[in-house]
Amino acid sequence: MAASLLNFGYVIELGSFDRHALTVGVGNDYLNSKTDRIYVRYYQWVGIILVTLAFLFYLPALTWKLWEDGRMESICSDFGSPLISPNWNGIEAIRIVKYLRQKNHKIIHRMYAYRFLFCEILNFGVVLASIFGLDVIFSDFWTEYSKAVGAVLAMNSTVWLQQSSRIFPKMAKCNYNLYGPSGSVETRDTLCLLPLNIVNEKIFAFIWLWIIFIFTISAMNLIYKFILIINCHIRLKILQSQTYDRKFSDIRLITYNADFGQWFFLYQMSQNINPAIFNEIINELIKYDREFRYEEKDSGDEQTI
């Protein structure tokens with residue numbers, strides 16, 4: 001019987017405890033009241049929960065990796081070194097500018113930006129799903145465990161032991177059923193030890209802090225991205241910060257001639273290539289947009305005549 005009791009919590013997962021007992025897992029009136037009885041049903045599923053969380057948080061990065069398909073790397077791989085690559089020349093800058101400005105590539109850059117935005121929204125959705133899922137699996141996880149996490153930050157070990165045991169008890173009462181000598185079922189009220197919760201409480205304290213941090217950063221990042229989409233002036237200022245010795249009017253020209261997709265692709269390039277090379281691309285882009293503007297103006301004059 002002793003050997004079977006050791007594995008009882010892993011297999012049957014019926015361990016329960018009284019939340020208001022003096023010591024969590026112990027209480028005289030436990031069997032007479034079910035309102036404060038909490039069942040530890042998650043115990044054998046903690047490993048699967050952690051693997052599921054890891055996969056969900058990797059899902060946005062995996063989705064972007066499949067969609068992006070190394071496009072930015074293929075363009076910038078030879079030009080990211082602090083030293084200018086010997087393969088770099090003015091022809092490469094012109095090719096990149098034409099790739100950015102060709103009309104048939106405009107939809108490609110737009111989809112590139114919107115897919116990136118979708119992955120960031122997906123990341124935020126994963127965080128929300130994790131918050132909801134953990135709250136369902138570990139009853140009132142975010143409200144109850146906040147006290148335990150606060151005790152860790154305050155370095156109060158006594159409160160930590162008390163509060164963490166509300167979600168991750170180290171022992172619980174089990175109704176252990178076995179067959180008696182005559183074949184009838186006998187119910188034994190036994191004390192089950194839950195040793196894995198010694199580790200689980202620390203893992204989920206870190207996860208509690210990590211998810212709150214990710215939620216805050218993801219929410220702020222989404223707000224920032226939506227502001228970029230609707231506010232061209234901010235995009236102008238950001239692009240200007242990535243260049244040097246360029247007039248404000250020149251940066252305004254290339255920013256207002258590009259939609260969000262083209263601007264986003266250009267900004268991503270600025271994060272992955274040598275600043276001097278990026279400045280040369282900006283110079284070629286300014287020349288291209290000036291010529292395009294003059295061609296449009298001449299075409300309009302001819303139509304007027």
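**Figure 1. Asp 259 in the loop between helix 10 and helix 11.** In this predicted model, Asp 259 counts as buried, at 17% relative accessibility. The residue is found in the loop that joins helix 10 to helix 11. Its side chain makes a polar contact with the side chain of Arg 110, at 3.0 Å. The side chain of Asp 259 also reaches the backbone nitrogen of Gln 262, at 2.9 Å. When residues up to four places away in sequence are not counted, Asp 259 touches Lys 106 and Arg 110.

**Figure 2. Packing of helix 5 against helix 11.** The axes of helix 5 and helix 11 lie 7 Å apart and form an angle of about 70°. An angle of 65 to 115 degrees counts as roughly perpendicular, and helix 5 and helix 11 are therefore described in this way. On the side of helix 5, the contact is made by Lys 106, His 109, Arg 110, Tyr 112, Ala 113, Tyr 114 and Phe 116. Helix 11 contributes Phe 260, Gly 261, Gln 262, Phe 264, Phe 265 and Gln 268.

**Figure 3. Met 269 and the largest nonpolar core.** This core holds 33 residues, of which Met 269, Ile 273 and Ile 281 touch the most other members. At least two residues of the core come from each of helix 3 (71–76), helix 4 (90–101), helix 5 (103–137), helix 9 (232–241), helix 10 (248–256), helix 11 (260–270) and helix 12 (275–304). Met 269 touches Met 72, Ile 75, Cys 76, Ile 96, Phe 278 and Ile 281, with residues up to four places away in sequence not counted. Another core, of 26 residues, lies apart from this one and includes Val 40, Val 46, Val 127 and Phe 204.

**Figure 4. The buried face of helix 9.** Cys 232, Arg 235, Leu 236, Ile 238 and Leu 239 are buried in helix 9. Seen down the helix axis, the buried residues of helix 9 fall within an arc of 165°, so they line one face of the helix. At the start of helix 9, a side-chain oxygen of Asn 231 comes to within 3.0 Å of the backbone nitrogen of His 233.

**Figure 5. Packing of helix 8 against helix 9.** Helix 8 (residues 197–230) and helix 9 pack with their axes 5 Å apart, at an angle of about 105°. Helix 8 and helix 9 are therefore roughly perpendicular to each other. From helix 8, Tyr 224, Ile 227, Leu 228, Ile 229 and Ile 230 meet Cys 232, Ile 234, Arg 235 and Ile 238 of helix 9.

**Figure 6. Asp 289 in helix 12.** Asp 289 is buried, and its relative accessible area is 2%. Arg 101, Leu 253, Ile 254 and Asn 257 are touched by Asp 289, not counting residues up to four places away in sequence.

**Figure 7. Positive phi at Asp 69 and Asp 140.** Asp 69 has a phi near 55°, a positive value in a residue other than glycine. Its place is the loop between helix 2 (46–68) and helix 3, where Asp 69 is exposed, with a relative accessible area of 65%. For Asp 140, phi is likewise near 55° and positive. Asp 140 sits in the loop between helix 5 and helix 6 (141–153) and is partly exposed, with a relative accessible area of 39%.

Notes:
Residues numbered from 1 in each chain as written. Predicted model: local features only at pLDDT ≥ 70, side-chain atom pairs only at ≥ 80, totals over all residues. Heavy atoms only, no water. Core = buried A, V, L, I, M, F, W, Y, C linked by side-chain atoms within 4.5 Å. Buried < 20%, exposed > 50% of the residue type's maximum accessible area, 1.4 Å probe, protein only. Helix = DSSP H or I, 4+ residues; strand = E, 2+ residues; numbered from the N terminus. Contact = heavy atoms within 4.5 Å. Arc of directions from axis to C-beta. Polar contact = N/O pair within 3.5 Å; in protein donor to acceptor, adjacent residues only side chain to side chain. Axes fitted to C-alpha atoms, helices over the stretch in contact; angles between N-to-C directions. Parallel < 35°, antiparallel > 145°, perpendicular 65-115°, else oblique.
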